[in-house]
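Hi,

Here is the structure I said I would pass on.

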Amino acid sequence: MAEKFLYETLDSASELGFLKKEIPVYLKENLNPRFELRPYQKEAFEGFFYCLDHDFPDKEWPLQFLFNMATGSGKTLIMAGLILYLYERGYRNFLFFVNSTNIIEKTRDNFLNPLSSKFLFSENIRFGTKRVSVTSVANFEGINENDINICFTTIQKLHSDLTTEKENAITYDDFKDKRIVLLSDEAHHMNTRTKAQVEMLESWENTVERIFQQNEDNLLLEFTATLDYTNAYIADKYKNKVLYRYDLRQFRDDKYSKDVYIVQADFDEKDRIVQALILSQYKQEVAAKHRINLKPVILFKAQRTIAQSQENKANFHRLIDALSEDVIKQIRDKSDLALVERAFCFFDENHITAGQLAERLRREFDESRCISVNEEKEKENQQILLNTLEEKDNRIRAIFAVQKLNEGWDVLNLFDIVRCYTVRDSKAGKPGKTTMAEAQLIGRGARYFPFTTSEHKDRFQRKYDNNLEHEMRVLEELHYHSINDSRYISELRTALIKEGMLDEREITRELKLKEAFKETNFFKSGLIYLNERVRNRNESVRSFSDIGVTKKNYEYTLASGRGVADALLTGDGDYKAIVESGRRDIKVKEMPRHIVYNAIARQPFFTFQSIHRYFPHISSMREFIESDNYLGGLEITFQSRVSEIYLLSNKTQLEGLSGLLEQIEAELRKNTTEYIGTERFKLKPVCSVFTDKVLKLVEGSERAQGDEQFVEDKEWYVFNANYGTSEEKAFVRMLERQVDTLKKQYDGIYLIRNEGHFKIYSFSDGQGFEPDFVLFLREKNGEMLTYQIFVEPKGKHLKEHDKWKQDFLREITEKFKGRTLEFKTESKTQKHRLVGVPFYNNEDENKFKQSLFAVVGN
C-alpha cells in the first residue's frame, strides 16, 4: 500500500472528527468582511491549526507546509489568515517571495492598500484592545515588534543579495536570531534542484533552504496551483508537507469557476473577432438587464512574438473603426452557432438593432479602452489597470498579450479569449507546449464573476448547471474562440482535461416518459396549473427617488492634458502636488436644451417608451427633462482648472451629461423589480409541459444512478428513471409506501419529476422556482377533483437557505384553501385544487406525511 500524503491523512482525521472545526473569531474579524471564508478555505485552516500543534507522520522541524490550491481559490486570503493566526502565536516577521515582480506588486497592494477592492485585511486590525498595523519592511532590523512586518521580494533578488558580496547587503546571519515565516507563492518555481536531481548549492531552492534552517521555529509555507505528483523526487520531498490539496478539477466541480466552452468557427480571423465582440456585448447586455454591473473583458492572444501582438492590436483598431451595421448582419447570417443565435434573439427581444450594436461596439472597444501588456515595462505601467479590471471606473474592454499574463493575473471578468493564430505544435497527437500554455491561460481566465440573483444568493458559485438554457447561464461561461480544426480541438480538450477545466467524467442520460403513461387519458388530456412571471408596471413610481436613483451630483473631471505645475518637498520627505482647481455645479434643466436632447439621443436606453416603462405617469420627454422629480432635479459637478471651469464647451457639457445618463441607466436597471408572479394560475396541457430530455451528469455522482429498476414497475411514477439527489430518491421510496393508502381515496395517482420542465414564480417578486416533483391525485367520488401538489425534498442544511421557497409553497396552500379551479369542456368539468406542502426531509419523514395527509385526507 502506497504511503499517504499528509493531506490524505488529514482528510481521514477530519472524517473522524479529530480536526478543530472552529475558526478563531479574531481571524475572521480581522479579514476584510467582503471575503467570506468558503468551506474549503476553512478546511485548509483547520489542517494547519492541527499540524502546528499535533504530531503527524514524519513531522520535521523547522515546519514546512505546502498548500496546493487551484488558481482563483483564494490562496492569498489563506496567506492573510495564516499571518493573523501566527501573529497571535507570537510571530512578527514575514518574508514573502515569488519569482515575478508583477505578483509582488499585486500582493503588496492586497496586503497594504486599504483603498484596494482586493484589500485582504479589515480596516482596523485588533487583537483584544491592541491595534496592529501591517508594515512593509526592507529587512528585519529595527522593526516595530507590535506590527505585522512583511518583507516583499522576488526570489531572484533574494538569491542575489545573499550570494553576492555587497556592502550592507543582507546575509544569512541576519536570520539567525529571529523567528521568520517564509511565504512562497507560485512555489513550483522553487523546485529547480529537485527536478534536476542535482545539488545546486547556489540555486534559488538552496537559498530559501538556508534561510529556513537558521532557526528551528521558522516556518516555510508554500502555495501553488501546480505540483507534479508524477515526479517521484517531488512526490517524495512533499509527501509529509502537502497540507491541503484543492485542485482545479475540485474547484470546478464545486461550481467556483466558469465553465469553459471552445467556440470553433469556419471564419477568417476578422469574422471570428467580430463574433467574439458580439458575444462579449451580449454578456454585458444580459448582465445589465438583470441589474448586474459587468464589463466583460476580451483577451486577444498572439502566438509567440510581441510584433505579432502589436499587429493584432493595429488590425483590431482598423476593424473597430470600420465596424458597421452590415458587418453585424453578415455575422448573423453566416454563423450557425446556437450561442450566437441566442445572442441575436436577445438583441431582438430587447430592441437592440444591428446598427445600435455596431455603435455600442465601436464605443466600448475604442482604442482608449484597449491595452497591450507584452513587454515587462509595459506590463508594470499597466499594472493598476490589470489588477482593477472589475472596478466600475476601469473602462478597459480588450487586452492584447503573448505570454505576460500566464501567471499572477487575478481577473474575474474575462469572458472571452481569442486565439489570433492557427498553427499547432503537437507531437504524436499529444498537446504541445503551446497548447498546454493555452489550457493554463484558460484556467486563469475561468475565475467566476460573482453575482447574485433573486433566486440565487451565493455570489461565488455557478447557478445554472441544471438549467443550461437560462438566459443568465452565459455569465457563467468562458468562451475560447478558435478555428474549426478537429485535431487542434481534440488536443486542446486533452490539455483542458489534464488541467481540470473539462471533466471527462461527464455523461449523458436519457430521461423518458414511460410508454404506458403516454397512453393514459391524464397524459393526453390532463392539465397542470402554473402561474406566470409578468413585468412589474411600477404603478407607484412617480419620481427618481421612488426607484432609488441617487440625488448626489454626478462628478465630471475635464481632461486638461496638463501635468502637475509644481511640487514641494515637505520636511518629512513627502511630495505634495500643487494643483489649482475649481468646481462648478450645473443643473441639467439649466443646460442648453439642444445639448440635453443630443445626449439623450446618443443613449439608446432613453427612448420615451423605455422611460415610460420605468415611470408610467410621465407624460412627455419635456417633463422628464424639466421636472424636479426626474432629470431636472439633478446636477453635474464639473471639475477642472479655475481658468477653464467657467468656459465649458458644448462638447464638455455633452460628455458630462452622457456620463450622468449612463449612471442613471445603471441605477434604474439595478433598483427596479422587473417582474412579479401572477396570482392567477393558467392551464397548460400535461403532454406539452413534460417531455423527454437528455441530462448532463457526472459519472459516479449520486444523481448519475437513476433508480431505474425501482421505478420501472411503478405505474404512478411516470419517467423511466429518477436522476435526483439521495433526498429526492428517499422521497420517492417513502411515497411508494403510501400508495396503497392513497389508492383507497384516489384512482389517478401520478408523480412527475420536474427536471427543468416548469417553474412557478413567487407572488411578491417573481423569483423562479422549480419544485422537484408535482404529485397529482384524482378523487374517486365522481367529482373529477384532482389535487395538484408541489413537492420539494430538501436536506436540512439547505432548508434555511431556501426558506423563501417553503414560504411560497405555504402561500399557495393558503391562497387556494377551500378553492377549486374549474375547467369546463362540452363533455366534462375538470376541477383542481392547488397545494404546496412543506419541504420533505428524510429525517423528518413522519412530519411530512402528516402535512401531506392533512391536505389530502387518509
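Cavities first: searching the whole structure turns up three of 30 Å³ or more. Before I go on, this is a predicted model, so local features need pLDDT of at least 70 and side-chain atom pairs count only at pLDDT 80 or more, while totals for chains, interfaces and linings use all residues. Residues are numbered from 1 along each chain as its sequence is written, and side-chain values use heavy atoms, with hydrogens and water left out.

By cavity I mean a set of points, on a 1 Å grid over the protein atoms alone, where a 1.4 Å probe fits but cannot get out; lining residues have an atom within 4 Å of a point. Grid points are joined across faces, edges and corners, and a volume is the space filled by probe spheres set on the points. On that basis the largest cavity holds about 70 Å³. Eleven residues line it, with Glu205, Val208, Leu220, Glu222 and Lys237 nearest the centre. Helix H8 (204-212), strand S8 (219-224) and helix H9 (232-238) each contribute at least two lining residues, and H8 gives the most, with three. (Helices, H or I with at least four residues, and strands, E with at least two, are DSSP runs numbered from the N terminus.) What is the lining made of: how many nonpolar, polar and charged residues? There are five nonpolar, two polar and four charged, where Ala, Val, Leu, Ile, Met, Phe, Trp, Tyr, Cys and Pro count as nonpolar, Asp, Glu, Lys and Arg as charged, and the others, Gly among them, as polar.

Next, the cores. The largest nonpolar core has 90 residues, and Phe48, Phe67 and Ile399 have the most contacts inside it. Helix H4 (residues 75-88) supplies the largest share of this core, ten residues. A second, separate core has 65 residues, including Phe681, Leu742, Leu809 and Leu852. A core here is a set of buried Ala, Val, Leu, Ile, Met, Phe, Trp, Tyr and Cys residues joined through side-chain atoms within 4.5 Å; buried means under 20% relative accessible area, exposed over 50%, and partly exposed in between (1.4 Å probe, protein chains only).

Leaving out neighbours within four places in sequence, Phe67 is in contact (heavy atoms within 4.5 Å) with Ala44, Phe48, Ile78, Leu82, Glu222, Phe223, Thr224, Leu243 and Tyr244.

Then the charges. Taking a salt bridge as a side-chain nitrogen of Lys or Arg within 4 Å of a carboxyl oxygen of Asp or Glu, the count comes to 48.

- Asp271 and Lys334 meet at 2.4 Å, N to O. The pair links distant parts of the chain, with Asp271 in helix H11 (residues 269-289) and Lys334 in helix H13 (residues 325-334), 63 residues apart. Asp271 is buried at 7% relative accessible area, whereas Lys334 is partly exposed at 46%.
- Arg622 and Glu626 have their closest N and O atoms 3.3 Å apart. Both sit in helix H24 (residues 621-626), four residues apart, about one turn of the helix. Arg622 is exposed, at 54%, and Glu626 is partly exposed, at 30%.
- Lys815 and Glu679 pair at 3.3 Å, N to O. Lys815 belongs to helix H32 (residues 803-815) and Glu679 to the loop between strand S24 (675-677) and strand S25 (682-685), so this bridge ties together parts that are 136 residues apart in sequence. Lys815 is partly exposed, at 27%.

There is also a salt-bridge network, whose members include Arg249, Asp253, Arg462, Glu477 and Arg505.

Asn93 lies in strand S2 (residues 93-98) and is buried, with 6% relative accessible area. Not counting residues up to four places away in sequence, Asn93 touches Phe140, Ile143, Asn149, Lys178, Arg179, Ile180 and Val181. Glu667, in helix H26 (residues 650-671), is buried too, at 18%.

Cheers

Conventions
1 Å grid on protein atoms, 1.4 Å probe; cavity = no way out; pocket = protein on both sides within 12 Å on 5 of 7 lines; lining within 4 Å.
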